[in-house]
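The entries below follow the order in which I checked things.

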Amino acid sequence: MLLRPRPSLLLLQTFASLPLSRRASVPARRTLSAAAAAAGTASPGDAAPAPGPPRKNTRKAPSPPRVNVNTALFLPPGVERDAAVAAEMVIPGSNIVVGPYAGDARVKEAEFVKSSARARDCPKDDRPEFAVLGRSNVGKSSLINALTRRKEAALTSKKPGKTQTINHFLINKSWYLVDLPGYGFAAASQSARMDWSSFTKGYFLNRDTLVGVLLLIDASIPPQKIDLDCANWLGRNNIGLTFVFTKCDKVKKGKGGRPDENIKEFQETISGLYQEPPPWIMTSSVTGLGRDGLLLHMSQLRNYWDNTAV
């Protein structure tokens, strides 16, 4: 079966050697769309199981933070550069505008399909997919479990670097969520780290059904050079990405900075590398922060891909 090529417009960001020259303020005048109204709230058909008796020390999910409408917004496919954007059209805790391609973001079914030791062994159908990438202890498996609401969709472990294959999960029988090997795991052998890097890059460069990469960044610690290097490689190879800040509920003593401060520092560090602002969103697999917003963001990219791929 021939795979449909990725639309060129879906290459969301392009790195440039020049700093970002302008960040236009967007006047607020549009009304909230139905799709935007769903951002940050649980979908009726995707609700968590009914809660049992109250438990001690139960964490209370914080109110989703909002970004100022005058920040550098990510305009998805279908939204014109000079479009007027109301604050309610921005997904809470992100810079992502909800556009006309946003649709049903519910995860009704999640099924593990296969693990592939080589990129060429991955599923060969034409379903679109999102790859989840990040450092070995950034919380990739926890995010996948949170998105699918399956406790063991992706096996979590206290030992970083457990994922050593490309793992495909079929969502709603229509698209894939792909768990990739983590990078930067110091305890792995040098040869293993090189092998993981090699076949992961092969996957990125040859996967025609790849809609975009969710690059996970640990918000509980200051920016890490290895994350910046990874973002730089993806950008230079025209691979669309979304920065997903994880662990936004945590403040680590002695590690420096609050999550919001670390996120701001990361954004300031990478801002000069982009001609356009990349999409980003704050998440927490513990409180559920950002789950619905991230799924909504993925739905509009996926629907655009479905409507333009040939």
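**Helix α6**

I began with helix α6 (residues 291-308), which has 18 residues and reaches 26 Å from its first C-alpha to its last, close to the 26 Å expected at 1.5 Å a residue. The expected span is 1.5 Å times one less than the number of residues. Helices (H or I, at least four residues) and strands (E, at least two) are DSSP runs, numbered from the N terminus. In α6, 14 of the 18 residues are buried, so the helix is largely enclosed by the rest of the structure. Buried means under 20% relative accessible area, exposed over 50%, and partly exposed in between (1.4 Å probe, protein chains only).

**Basis and confidence**

I noted that this is a predicted model, in which local features need pLDDT of at least 70, side-chain atom pairs count only at pLDDT 80 or more, and totals for chains, interfaces and linings use all residues. Residues are numbered from 1 along each chain as its sequence is written, and side-chain values use heavy atoms, with hydrogens and water left out. pLDDT is the predictor's confidence in each residue, from 0 to 100. The protein averages 76, and 68% of the residues score at least 70. Over residues 1-45 pLDDT stays under 50, and the model has 105 contacts (heavy atoms within 4.5 Å) for them beyond four places in sequence. Residues 66-70 also stay under 50, with 15 such contacts.

**The sheet**

I traced an open sheet of seven strands in the order β1-β3-β4-β2-β5-β6-β7, with mixed pairing. β1 (110-116) and β7 (280-282) stand at the edges, each with a single partner strand, so one side of each is left without a neighbour in the sheet. Neighbouring strands are turned by 25 degrees against each other on average, direction ignored. Two strands pair if DSSP finds at least two bridges between them.

Then I went through the pairs. Strand β3 (residues 166-171) and β4 run antiparallel, joined by five bridges, and N167 has D179 as its bridge partner in β4. These two strands form a hairpin with three residues between them, and N172 in the turn has a positive phi of about 55 degrees. β2 and β4 pair in the parallel sense over four bridges, with F130 opposite L177 in β4. Strand β5 (residues 210-218) runs parallel to strand β6 (residues 241-246) over six bridges; V213 has L241 as its bridge partner in β6.

I checked how β4 is covered. Both faces are: W175, L177 and D179 on one side and Y176 and V178 on the other are all buried.

Next came the helices on the sheet. α2 lies across β1, β2, β3, β4, β5 and β6, at about 155 degrees to β4. Axes are lines fitted to C-alpha atoms, for helices over the stretch in contact, and angles run from 0 to 180 degrees between N-to-C directions.

**R135**

Where does R135 lie? I found R135 in the loop between β2 (129-134) and α2 (140-148). R135 counts as buried because its relative accessibility is 10%. Its side chain makes a polar contact with the side chain of D227 (3.5 Å). A polar contact is a pair of N or O atoms within 3.5 Å; within protein, one must be able to donate a hydrogen and the other to accept it, and residues adjacent in sequence count only if both atoms are side-chain atoms. Not counting residues up to four places away in sequence, R135 touches K140, G182, Y183, D218, I221, Q224, I226 and D227.
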